[in-house]
Each structure stands twice: as structure tokens, then as C-alpha cells.
Amino acid sequence: MLPRPYRVIRITRHTHDTFTLEMEPADGNPAPYFQPGQFNMLYLFGVGEVPISISGDPGHTRAYVHTIRAVGTVTEALCNLKIGAQVGLRGPFGSSWPVKEAEGSDIVIAAGGIGLAPLRPALYHVLAHRERYGKVVLLYGTRTPQDLLYRKELEKWRGLFHTQVEVTVDHAARDWFGRVGVVTKLIPGARFDPFHTKAFVCGPEVMMRFTVMELMGRGVETENIFISMERNMKCAVGFCGHCQYGPTFICKDGPVYPYSQIQHLFKTREL
Amino acid sequence: MVDTKTLVEKGSKTQEKKTPGAVGLLERGAFDQLFQVLQAQGYTIVGPTVREGVILYDELESPDELPIGWTDEQEAGTYRMQKREDEALFGYTVGPHSWKRFLFPPKHRLFRATRGKDGFDIEEDKYDGPNYAFLGVRACELQAMAIQDNVFLGGDHVDPHYRSRRESALIIAVNCGKAGQTCFCSSMGSGPKAGTGFDLALTELISKDGHAFLLEVGSKKGNKIFKKLPIEKAGKKEQKAADAVVAEAEAQMGRQLDTEGLKDLLYRNYQNPHWEEVAEKCLSCANCTMVCPTCFCSTVEEMTDLSGDHAERWRRWDSCFTMDFTYIHGGSVRQSTRARYRQWMTHKLATWFDQFGTSGCVGCGRCITWCPVGIDLTEEARALRASDQGELQTGMQAEA
Ligand SMILES: Cc1cc2nc3c(=O)[nH]c(=O)nc-3n(C[C@H](O)[C@H](O)[C@H](O)COP(=O)(O)OP(=O)(O)OC[C@H]3O[C@@H](n4cnc5c(N)ncnc54)[C@H](O)[C@@H]3O)c2cc1C
Ligand code: SF4
Ligand code: SF4
């Protein structure tokens, strides 16, 4: 499992610490097909390797798109890359949002912070095959308006008549005319049929905890709620042991799990 | 039991099929010839030897380096060597080393990368070390190898570094004639007699009549060695003597682990307050994970030279007892010793079944002996059973 060389072809800066890299295989071949929710291991020469979700459109596999928050050694080094830089890449790995199985159902996508990145491919897929789904809802919360990812796209999605898009922030100055409050507050006003819904949730663990509770409160069954887990990860192929989550390995059994499969683990602290 | 042979075969085409069977007697006086035959076939022999008061595994030139006439006394938190009354070569149990240090070395390079004109090239490390002949592999250690085979060779991804070392190794097992105070292989179904997974197996026979080894062939590779040795015919008498040796070890088993319903017991006791009691003693020193022959967790380190044009990735053993192990942005997930001990023991005795289909413990007792404060997982399992929280609180029952 060696990193394959990729070349950065586009860089987008979103917020002071978050950016998107688009990269294509250095040898000119197409990037391997991926499922929404899967991740890659990105390697920077001599610096290290980190798991990063794929945030691009699964319909376009010429290049991989990764939205990254600079929080430490490797992600900060990734933040300093220039167009043309070479990055090693292994993947894609892991389980995915069940967009196929969800056909015919309503879709609720709930994201907190950078949790929108791994959900965006699911949204792209659903919007590209809009007729296959019932009601579609995107609920997105960040700390401040400055932390919103993909702002232009959000505005575009909000203009769609067939999709409900709600955005909220925890704190805002007076120039923010949108909602203020945590993302879970958006659930009561979301229009979907709880008994025919698949919900995809990604964000900090506390956010996922409360979102799942609210969804269950509206009657969504635990097997129709999907969450994406995050743990320290070194190899992504089940050898290093770091990403163990109860009996599962997040790199191969996750990161996306039906909540029904892990609810007992999710309630246990420090697992 | 995991079938080692099939797993190794899965990873390669070169592994030979097992030809069960041939049995014979090798006199102690002819034992040197085993070394000569192995060396002539290009093997580097690794076996037990005495170093600074402990029996370790290291490269051996001659049988004189074996722990002749030595044995070990083990208890929770203590290990002592002692003289035997005879001149047995394999009259001890297991020390702090296990064979994993040769198949999955504590530190090894995964690849080298070189910066080029407009990017970098990566070259994977290929194993070019010796073909090892492991001499003195115990039944529990064969089982531990089968378990690690399952981790590194049994899934969708095969680890090439483990595979090349594993495939080239010759395994000479030794049936135990003595069990230690911390041993419980019979509870785990992994010993004391070597069942499968060896090329040759020996049983050391010492009596007033003499000193010899009953040899059993486990594979074609083993047969090639066997045929070159001055083997004498073994009769019913020798076979009986060998059975008695193993029976004696079985009778001496110092520890026991009740495995009945153990997996579910652990799954329903994530919240048991007993974990706090263990945590008060545990130093989080990671000794138990380092000596355990099945623990496989690792981390990687990136290195660059001064010019910045060469980079390397190294893999080294890691432990779930360290704080860094679960670090994610914002802090470690398993902050408390309670959570870390719980993770370790639950992995060994419960989650391993769901991950790999077997127990992660073979009952070798190393973690008990080498724990500086003498924490004993058989005791912990007993205490957990005594304070069982009853109803299933967590685990994977939703899946089942
Ligand atoms: C399946 C998965 C998908 C992810 N997707 C994204 C994404 O789309 N965008 C994004 O910005 N981040 C994502 N992350 C988190 C990202 O991997 C970490 O932020 C990154 O590893 C931090 O590394 P560092 O060297 O910059 O930080 P440091 O703090 O220097 O890292 C120290 C060590 O801890 C590990 N580590 C630190 N934080 C995390 C973490 N949150 N998860 C896993 N390992 C961590 C690092 O790999 C490194 O080994 C994802 C994590 C996982 C497990
Ligand atoms: S857990 Fe302890 S007794 Fe079991 S295999 Fe590991 S070291 Fe041996
Ligand atoms: S159980 Fe013993 S050996 Fe293991 S970490 Fe705790 S103190 Fe160290």
C-alpha cells in the first residue's frame, strides 16, 4: 500500500484555516472511482500522512477534491502547498453514505462545521439524481458565519425549489441575517417524513449525539440514521490498530455506520 | 484454531503443502547435526539463549548457546532463572521475547522516497534478511503466529513486510514439558502440545535411559530437514514417553481462565466500576502489550535527511496504553488508564472474536509475568465475572 503521486491542480481558500485541494494522478490516469463518504490517505513528502474525506462530486473522478482544516503538522503543511505540488495518495478507503439504498426515501443531511465536507459528495449525488429521492433537506451549522464552507454553493442550493436548505451559526454579529443557534434546533422545522427517511449526519461527536436524539425524537429509526466516526488512524488498512472502535475498525467498517450498529458504543465514553 | 498454512498459502504460491506424519528419534548426541543441516540449507537459526538473567530469542551458532540445564520460575510480576537437575535444552517455558519480533520487527522501514525534478519517487522496502529457522516455538506461540497471520495476511489487504518474513521462516516447535505459574494455554485451547503450523516438532525425552528428542514432521519443508538427520525409529515406548511429557505440562498449568461466555461478559461490562480498581494499580507502562505475542498495533514515523531530498517511513510497535495512541485534534479519546486497560483486555478477550474470529489471547502468561505491578488478566476476568453488571449495556448485539 504505497502512496501514488498526485498533483495539486486547484486550491480554494474557504476560511482562515480551511481550504480545498483538487488533485489528479500525476501519471495522467483517472483517479479511482469513489463512493460518497469515503476517504483517502494524503502523504506529504517527509512530513506525514493523514486521513481526509473526499468532498468532491462522485460523478467526476478525473480528480479528487479534499477540504481540509489546518490543525497540526501535516494539515498545516498541506495548507502551504502551491499549485503543481506533488502529494502522495492512497485510497479510497472505508464505507459510504448509502445513497443507493436511500432511493425512494426522503433525505436529511445534517452537518456541523467541517463535517459538511464528507457529506457534500452525497448531496452532489442526490441532487444529480433528484428524481430518485423524496424530500431533500440540508441542515448545516457552524460556529460563526466566517466558518461557513462552500458559501457560494450554499447560496445556490438555497435557491433550489426542490430542496430545503437551512443554515445556522452559534454566534454572529449584526450583519448576519440568518439563524443563530445550534444545528439540532433546525430539526423540528425540517420537512421530511420520519418514517421514510435516511439521515446522514457528520460533525463533532456532541453535535452528532444531539442530532441523533432529535431525529429519533421525530420518529426516525436508528437503522435509518447514519453517522461518520473519526479516530486516530495510521494505515487505513486494518493493521495499525489505532482506529479501533469497539469490535470495529473505522478504516474498514466505518467511517460511516448505521447508528443502530454502534449506538451501544456511541454511548460509552472514552471507547 | 486458525489454519496457519492456508493463510500463508493465500499470500504466496511457494508454500508447500503439509505432509503429516513421519516420526523418529534424534539422540541428544546427534542434536548438533540439526544445526549443521539447517545451516547447510541456508537458514539462520534463532532460538532461546540466556542473556542477563532471562531466556531470550536470538541468533544461534551452535546448540551450546541454548539454555542448557536452565529453567525459569514465573509469577505475577516476577521472573527468575534457576538451575535444573538435568541438562535439558528446552526445560523452560517462555520469556519476554516472542517470535513476533522477527516476523513483525519492533522497528522497520516501510519505504524510501526520493525527491526528483517535479515530485518524488517511492520505493518499497523488500525484505532481504536471512531465512530464519525458529527453534523452540511453543504451542501457544504457534497459535499466536496463526493469529498474527490472520491480521496481516487474512484480510483484504496483505502486509508485504510480514508476508516475506513469514514465508521464508522454518518453524521448529517444541512441545512443553513444564508449564509456568502464569501459563494457561490449556484454558485457551492453544497448548501445551503443538497441533498444526510447524515444519518440525520436537519433544524432549529425558530419563535414566538417556536423552533424546522425538521428532514429528509437519510439512515438506520439515521433511527435507528430517531426511538429512540420523533419525532412529521411534516405537510405542517413545511415543508414550512423549505423551507423558505433555501430560505433565498440562497438569502443572499455573493459571486458568474460564472462557465460557467471556466475550459477552466483557461486552456488557464496559461500565463496570471494577475497571477503576485495575486502573488504580496499572501504570500504563505498556509492558503487557510489548511482550504479548499477538499484539500488533503500530505507528509510523517519517524521517528526512539533512538535504531534504530523501525521506523514509518507518513502522514501530505502538501500544494502546499510550496517551498519543488515540490522539485526535482536541485531545486523546482514551484519557484515563481505566479506558486504556478496558480497551486492551476487551480487545484480547472479546472484540478480537468479532474482528478475526478467534480469541486474541493464547494464554502464554507473559503479560502477567512482565507486568511490573503483577496485574493478572485471569484475575481481572474473574473479578469482572464476580461483579457482572448483568444486562447487556453495549457491544454488538444489535448486529447479531
Ligand atoms: C476518516 C477520517 C476522515 C477525515 N476527514 C477529514 C477531512 O475531510 N478534512 C479534515 O480537515 N480533516 C479530516 N479528518 C481529520 C484529519 O485526519 C486530522 O485533522 C489530521 O489527521 C490531523 O493531522 P495533523 O498532522 O495536521 O495534526 P497533528 O495534531 O500534528 O496530528 C498528530 C497525529 O494525530 C493524528 N490526528 C490528529 N487529529 C486527528 C483526527 N481528527 N483524526 C484522525 N487522526 C488525527 C494525526 O494523523 C497525527 O498522527 C478525518 C479523519 C478521519 C479519521
Ligand atoms: S494477553 Fe497475555 S497471556 Fe494472552 S497472549 Fe497476550 S501476553 Fe499471552
Ligand atoms: S497492566 Fe501492567 S504491564 Fe500492562 S500497562 Fe498496566 S502496569 Fe503496565
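The questions and answers below go through the ligand site, the cavities and a pocket of this predicted model.

Residues are numbered from 1 along each chain as its sequence is written, and chains are lettered from A and ligands numbered from 1 in the order in which they are written. In this predicted model local features need pLDDT of at least 70, side-chain atom pairs count only at pLDDT 80 or more, and totals for chains, interfaces and linings use all residues, while side-chain values use heavy atoms, with hydrogens and water left out.

Me: Between which chains does ligand 1 lie?
Reply: A residue is near the ligand if one of its heavy atoms lies within 4 Å of it. Among the 22 residues around ligand 1, those that come nearest include Arg69(A) and His329(B). Ligand 1 lies between chains A and B.

Me: Which side chain has an N or O atom 2.4 Å from an oxygen atom of ligand 1?
Reply: A polar contact is a pair of N or O atoms within 3.5 Å; within protein, one must be able to donate a hydrogen and the other to accept it, and residues adjacent in sequence count only if both atoms are side-chain atoms. Val74(A) places a backbone N or O atom 2.9 Å from an oxygen atom of the ligand, and Glu230(A) has a polar side-chain atom 2.9 Å from a nitrogen atom of ligand 1. The side chain at 2.4 Å is that of Thr75(A).

Me: How much of ligand 1 does the protein bury?
Reply: Accessible areas come from the Shrake-Rupley method with a 1.4 Å probe; for residues, only the protein chains shown count as cover. Ligand 1 taken alone exposes 830 Å², and the share buried by the protein is 88%.

Me: Which element gives the largest share of the shell around ligand 1?
Reply: Helices (H or I, at least four residues) and strands (E, at least two) are DSSP runs, numbered from the N terminus. Elements that give two or more residues to the shell include helix 1 (73-79) of chain A and strand 14 (327-328) of chain B. The largest share, four residues, comes from strand 4 of chain A.

Me: What is the volume of the largest cavity?
Reply: On a 1 Å grid over the protein atoms alone, a cavity is a set of points where a 1.4 Å probe fits but cannot get out, and lining residues have an atom within 4 Å of a point. Grid points are joined across faces, edges and corners, and a volume is the space filled by probe spheres set on the points. The whole structure has nine cavities of 30 Å³ or more. The space in the largest is about 260 Å³.

Me: Which residues lie nearest the centre of the second largest cavity?
Reply: This cavity holds about 130 Å³ of space, and helix 11 (287-291) and helix 12 (337-356) of chain B each give two or more residues to its lining. Of its 17 lining residues, those nearest the centre are Cys282(B), Cys288(B), Tyr341(B), Cys371(B) and Ile375(B).

Me: Which element gives the largest share of the lining of the second largest pocket?
Reply: A pocket is an open set of points with protein on both sides within 12 Å along at least five of seven lines. About 600 Å³ of space lies in this one, and the closest of its 29 lining residues to its centre include Glu204(B) and Val245(B). The largest share of the lining, six residues, comes from helix 8 of chain B.
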